[in-house]
Amino acid sequence: MSDKIPEGNRSARERLAQQREREKGREKRRRTLIVASAVVGVLALAAVVGLIAANAGKDDGGDTASGPAVAPSGAIGEDALTVPVGAADAPSTLTIWEDFRCPVCAQFETAFKDTITELADDGQVKVEYHLATIIDGNLGGTGSLRAANAAACAQDAGKFAPYHDVLFANQPPEPDDAFGKNSRLIELAGDVEGLDTPDFRGCVEDGEHDSWVKKSDTAFREGGFQGTPTVLLNGESVFPSKGDEQISPENLKKWVAAANKGKKPGTAAPSAPSAPSAPADPSSGPAS
């Protein structure tokens, strides 16, 4: 018997094999499309979840502060939304966005407070603080807003930095809205020498800087930042890492030293907070 396959049978088998290959190709493309569609769906869901999370933070806990934004004394930058600490002419700028109810912010401050203070005192960096209120929106309450207003009141008295540190050192558990009580914020002012004054108390109780805080929080959301704390060295994100290096007190010092190479430390003090000027006496004539 011949082992040759008749020409007609060979052609039929080849056509069948080609058809199967085409079907495999179609099946592969179909599965690829299904997987791609699933990935797009997951990304879309992530975008929706992100949007929900972002929108949740827009709820400020029911406080309806209105009126013009009254910036604290000495605030600088666009719309005076920045509280400066350290030499104004320092060669590098450390920008920090924080929420006083944010537990990660408190952890950051615990780990880096001494390093940042040293760098600022040595004129290596000027620190620019910005305040946000995302925890109020995410968990409810007004502690982020009330604490930020109190910190702005402390800035009026030239005591922002020490009061800022006291607030983080005494931060309540995240779900606990203890900072929503002005009495607690005033109590903590007793830990900062010379801060607990009638002016400070009145500023806290009246929510003098509430609208300013809300304007700062809006700037945070519109800035596209991912969360608090956001830490930037000369505009570059360094938290939780810079490139392949994780942030640490040693690395932060190294990064600042590299940025400042060949530059002189700053010496100029930031603008000192000052009381508003008294209205001019309409009865008095022009100065001679």
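## Terms and model

Buried means under 20% relative accessible area, exposed means over 50%, and partly exposed lies in between (1.4 Å probe, protein chains only). This is a predicted model: local features need pLDDT of at least 70, side-chain atom pairs count only at pLDDT 80 or more, and totals for chains, interfaces and linings use all residues. Residues are numbered from 1 along each chain as its sequence is written, and side-chain values use heavy atoms, with hydrogens and water left out.

Mean pLDDT (the predictor's confidence in each residue, from 0 to 100) is 82 for the protein. Of its residues, 73% reach 70 or more. Residues 1–5 fall below 50 and have 2 contacts beyond near neighbours in sequence; contact means heavy atoms within 4.5 Å.

## Helix α9

Helices (H or I, at least four residues) and strands (E, at least two) are DSSP runs, numbered from the N terminus. Helix α9 covers residues 249–259. Its buried residues are N251, L252, W255 and V256. E250 and A258 are exposed on the face turned away from the buried side.

The buried residues of α9 pack against several elements, including α2 (103–121), β2 (92–98) and β3 (125–131).

## Nonpolar core

A nonpolar core is a set of buried Ala, Val, Leu, Ile, Met, Phe, Trp, Tyr and Cys residues joined through side-chain atoms within 4.5 Å. The largest one has 54 residues. Among the members that touch the most others are I96, I116 and L252. Helix α4 (residues 143–156) gives the largest share, 8 residues.

Beyond four places in sequence, I116 contacts L94, I96, F108, V127, Y129 and L252. In α4, 13 of 14 residues are buried. G158 follows α4 and has a positive phi, near 75°.

## Salt bridges

The structure holds 9 salt bridges, each a side-chain nitrogen of Lys or Arg within 4 Å of a carboxyl oxygen of Asp or Glu. R146 pairs with D210, with the closest N and O atoms 2.8 Å apart. R146 lies in α4 and D210 in α8 (residues 210–222), so the pair ties together parts 64 residues apart in sequence. Both ends are buried: R146 has a relative accessible area of 8%, and D210 has 7%.

K253 bridges to E118 at 3.3 Å. K253 is partly exposed at 34%, as is E118 at 37%. R101, D136 and D177 form a salt-bridge network.
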